[in-house]
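A short briefing on each follows.

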Amino acid sequence: MDDGYHDLPAGKIGCIVTFLEMNALPAPRPVPARPDLALRRLGRADTALYARIYRTIGERWLWFSRLGLDRDALAEIIGDPAVKAYAVLLDGAPAGLLEIDFRKGDEAELAFFGLYEAAIGTGAGRWLMQQALEMAWAHPIRRFWLHTCTLDHPGAIAFYRRSGFSPYKCALEIADDPRLAGLLPRDSLPDIPLAE
């Protein structure tokens, strides 16, 4: 690809994706006890709850990769014993999503990590990351990785770096705009205009 600006075709969105990893469990950061927070494991029978939480978090950030899946395809993923999907509960009510994918054997992917808007900035993210780190490194893995992008929360990369992840590559992602495909409301992520 040549340097410079490149037009996106109508109906597409583009973002810069940053991939981050860690190769060992980092030194623990102090995380206050949070008796108001809990994790509930999700499985094949929980596709409706998973989809509701995913949409509630993701609508703001244009999460769309799971929106086009039918119920059976989603059940196949979250019902896989090598995928650990959890609803984050705040005082017993859904407030976030954690999903770690161990299907590649010696590595784990932090596939989804997100909180409802009301929980952001409350320390819930630090608590949730501590749960994710302990869960991932309880398995015999050589690396724990994730990717985030310029459509995500502006503090995402800094948060992941503070948590012990290091960037290792970047990529340009171009995809069909999920707002134009009807997967998300047209007013989702209003900072990114629709390119019709």
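Cys149 counts as buried because its relative accessibility is 18%, where buried means under 20% relative accessible area, exposed over 50% and partly exposed in between, for a 1.4 Å probe and protein chains only. This is a predicted model, in which local features need pLDDT of at least 70 and side-chain atom pairs count only at pLDDT 80 or more, while totals for chains, interfaces and linings use all residues. Residues are numbered from 1 along each chain as its sequence is written, and side-chain values use heavy atoms, with hydrogens and water left out.

**Cysteines**

- A disulfide is a covalent bond between the sulfur atoms of two cysteines.
- The structure holds zero disulfides, a disulfide being counted as a pair of cysteine sulfur atoms within 2.5 Å.
- Cys149 is in no disulfide, and its nearest cysteine sulfur, that of Cys15, lies 3.8 Å away.
- Cys170 is also in no disulfide, its nearest cysteine sulfur being that of Cys15 at 11 Å.
- With a relative accessible area of 55%, Cys170 is exposed.

**Helix 1**

- Helices are DSSP runs of H or I with at least four residues, strands are runs of E with at least two, and both are numbered from the N terminus.
- Helix 1 covers residues 47-61, and its 15 residues should span 21 Å at 1.5 Å a residue, which agrees with the 21 Å between its end C-alpha atoms; the expected span is 1.5 Å times one less than the number of residues.
- Among the buried residues of helix 1 are Tyr50, Ile53, Ile57 and Trp61.
- Just after helix 1, Leu62 takes a positive phi of about 60°.
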